[in-house]
Number of protein chains: 2
Amino acid sequence: MPVTLQDVAREAGVSPATASRALNAPELVAPARREHVRKVAAQLGYRPNRAARELITGRTGNLCLVVPDLENPFFAAVAKGVQARARALGLAVVVADSEEDGHLETELVGRLGAQVDGVVLCSPRMTDEALDEALARDVPLLLVNREHPGAASVVIDNADGVRQAVAHLHALGHRRIAYAGGPAGSWSDARRREGLHRAAASLPGTEVVELGHVAPVFDGGVSVADLVVANAATAVLAHNDLVALGILHRLVARGVRVPDDVSVVGYDDSPAATLVAPALTTVRVPLARLGRDAVDALVNHAPRAARRRTASGETESPAPVRLSVELVVRDSTGVAATAGDA
Amino acid sequence: MPVTLQDVAREAGVSPATASRALNAPELVAPARREHVRKVAAQLGYRPNRAARELITGRTGNLCLVVPDLENPFFAAVAKGVQARARALGLAVVVADSEEDGHLETELVGRLGAQVDGVVLCSPRMTDEALDEALARDVPLLLVNREHPGAASVVIDNADGVRQAVAHLHALGHRRIAYAGGPAGSWSDARRREGLHRAAASLPGTEVVELGHVAPVFDGGVSVADLVVANAATAVLAHNDLVALGILHRLVARGVRVPDDVSVVGYDDSPAATLVAPALTTVRVPLARLGRDAVDALVNHAPRAARRRTASGETESPAPVRLSVELVVRDSTGVAATAGDA
DNA sequence: AGACGTGCTGCAATCGCTTTCATGGCGCCT
DNA sequence: AGGCGCCATGAAAGCGATTGCAGCACGTCT
């Protein structure tokens with residue numbers, strides 16, 4: 001039923017080889033003939049059979065994207081970016097949701113990786129060892145939001161985002177800042193924590209109160225909000241907007257005024273940040289660009305086994321693409337309440 | 001480099017044919033041999049080449065999901081459901097974002113449809129004519145959130161959701177209810193509108209004020225919020241939660257109290273509904289189930305050209321799967337303000 | 001004029017797997 | 001004991017595209 005290259009060739013009065021070349025390597029076939037073949041193909045509605053092509057070329061024209069949670073606006077935005085860029089390049093995207101589970105993630109990469117040209121692995125939850133194994137397969141792998149020796153990656157400047165946030169809070173007079181961290185084992189959380197302490201250290205008199213690890217969702221924020229108050233912090237920095245929103249919600253519910261009593265800062269600037277009142281001050285992450293750049297990096301840079309070994313025998317990582325972030329000040333942060341009383 | 005069926009066959013001392021059967025049609029090969037082959041395959045880490053299989057069987061093991069906007073929590077949730085169910089069935093999902101554009105949607109269905117076993121088309125924006133054409137191709141097509149003659153579909157009971165919402169508002173004393181409709185041409189919006197008027201008609205003294213078509217996003221809600229007040233409605237029903245949130249935001253911003261002055265009802269019960277204060281009263285849609293059932297319906301019911309013609313010559317639609325919805329009452333709805341003054 | 005290069009084209013092999021068909025061996029029935 | 005049929009197996013034919021290689025025709029250089 002579907003029209004094959006053979007059909008086109010026959011109809012155009014050329015051999016299949018010529019028909020193929022007319023479409024894929026135009027410079028190899030005489031102009032007149034080439035145009036004729038193309039016209040016939042168009043008119044017959046010819047669509048190359050991808051399976052057949054893949055079988056011989058080894059390329060599928062598919063990319064795979066693995067994310068921890070499609071419903072998380074952060075990943076949804078990245079997915080959208082990946083999607084858009086891939087389409088522009090004529091690639092299709094196979095999406096998989098790992099349900100925040102490192103093992104499932106590993107399995108998905110293994111299963112899906114075999115049938116695509118490359119895998120974009122977003123905020124991987126898997127261990128470094130599992131990552132090593134995944135890299136050992138011969139599928140180009142690109143990490144988003146995580147760095148790993150030998151792996152190509154696109155990341156944001158986690159530490160700098162925190163630095164900007166802290167500088168902002170410090171400027172408003174906050175000296176005791178709580179941090180609601182991300183999931184245990186989150187690479188980006190570790191970077192932010194690090195940046196947080198460095199930033200605090202460089203700002204005289206600034207103390208950091210770590211509130212521990214929090215599930216990166218609304219309820220996670222709800223569950224730590226009281227700790228902010230209990231620790232007498234005048235500001236809290238959350239691992240992401242969802243957590244910030246949860247904190248905000250709980251604070252307001254118990255009568256704490258934001259930003260009068262406590263300032264709240266999120267991270268990501270997901271759409272939800274402006275859904276609430278007061279609108280969330282947050283660190284804007286170029287979500288869509290993260291996705292786009294991931295595809296570009298994967299296509300350009302990670303063609304079949306990106307890791308090489310240097311003469312010294314060390315594993316050489318391709319330099320990560322690092323995207324800058326920018327603090328967006330909205331209504332959830334304000335001048336610090338006068339310390340203690342008043 | 002990758003291990004092929006040939007390798008397995010050679011290693012196991014059987015012909016490729018037998019190896020193939022041992023893995024795909026176990027009953028056709030002697031138990032001892034079968035197990036041996038399977039063991040060898042496992043041990044060699046054999047992974048069938050999908051392209052080769054597809055080339056001969058014509059089945060790809062891929063499903064395609066087309067949604068208007070991946071970042072919209074409604075579609076994200078459906079995508080997640082589709083994803084999960086497909087994985088359980090051993091299928092991969094190719095996701096495409098049509099950017100709310102009917103033409104792009106049509107093109108995507110055409111392009112991607114050719115390389116998958118079936119397409120789940122979610123809330124299609126394309127015209128009925130384009131849908132007809134899409135159906136004419138021989139790719140099984142399943143519609144979510146839209147019905148169309150001759151197409152299999154999974155929908156929610158749009159009208160009933162609105163009915164429940166109206167009944168709730170009516171019970172609270174609201175008599176003048178505004179409706180912020182969905183995008184022009186939205187099938188579900190038409191169903192809801194219809195249900196709205198029917199519900200209103202059955203409830204004595206209830207008036208409906210149509211606010212027109214609204215972009216199904218936060219800003220869309222913001223832009224019609226003032227109309228609610230201007231029309232002296234005491235309650236407003238929005239096409240979805242995002243719009244409801246926008247309305248809520250704007251009302252609060254201009255000092256209208258919710259629910260004291262105006263009650264707001266959303267639709268979908270997306271996660272965002274509980275992010276705000278007051279929490280949104282909304283119609284809960286079984287989002288994940290929508291996705292799961294879509295996959296099931298596609299796989300079971302729409303195998304290659306679901307439409308048939310009855311003896312009478314009419315096009316026979318497979319009966320749509322209709323999922324029920326349920327009103328979730330939260331804090332954005334309350335007893336109607338006494339009419340006019342006081 | 002002959003040799004050689006260049007530019008197009010077609011033949012045929014090939015990718016890895018499935019599936020039809022033919023074959024050989026064995027058990028069972030009469 | 002012979003014949004029939006069934007079961008398990010292997011040989012081989014593709015699925016639809018790409019591509020190395022060879023060949024042909026023509027133009028050019030010597």
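This is a predicted model: local features need pLDDT of at least 70, side-chain atom pairs count only at pLDDT 80 or more; totals for chains, interfaces and linings use all residues.
Over all chains, two aromatic pairs are counted, and one of them joins A:F74 to A:F75 in an edge-to-face arrangement, with 5.1 Å from centre to centre and 90° between the planes. In chain B, B:F74 and B:F75 likewise form an edge-to-face pair, for which the centres are 5.1 Å apart and the planes stand at 90°; B:F74 and B:F75 are each buried.

In chain A, A:R192 is placed over the face of A:Y267, at 3.6 Å from the ring centre, and in chain B the residue B:R192 lies over the face of B:Y267, with 3.6 Å to the ring centre.

Helix 12 of chain A, which covers residues 287–301, consists of 15 residues and spans 20 Å from its first C-alpha to its last, close to the 21 Å expected at 1.5 Å a residue. The buried residues of this helix include A:L287, A:L290, A:G291, A:A294 and A:L298. In general, an α-helix has 3.6 residues a turn, so residues three or four places apart point the same way.

The relation between the chains was examined by superposition. Chain B is brought onto chain A by a rotation of 180° with a shift of 0.1 Å along the axis, and the RMSD is 0.2 Å. The two copies are therefore related as by a two-fold rotation axis. Both copies use the same surface, since 100% of the contact residues of chain B recur in chain A.

Key:
Residues are numbered from 1 along each chain as its sequence is written. Chains are lettered from A and ligands numbered from 1 in the order in which they are written. Side-chain values use heavy atoms; hydrogens and water are left out. Rings of Phe, Tyr and Trp (its six-membered ring) pair if their centres lie within 6.5 Å; planes under 30 degrees apart count as stacked, over 60 as edge-to-face and the rest as tilted. Buried means under 20% relative accessible area, exposed over 50%, partly exposed in between (1.4 Å probe, protein chains only). A charge sits over a ring if NZ of Lys or CZ of Arg is within 6 Å of the ring centre and within 35 degrees of the ring normal. Helices (H or I, at least four residues) and strands (E, at least two) are DSSP runs, numbered from the N terminus. The expected span of a helix is 1.5 Å times one less than its number of residues. Copies are superposed by least squares on the C-alpha atoms of residues with pLDDT of at least 70 in both. Contact means heavy atoms within 4.5 Å.
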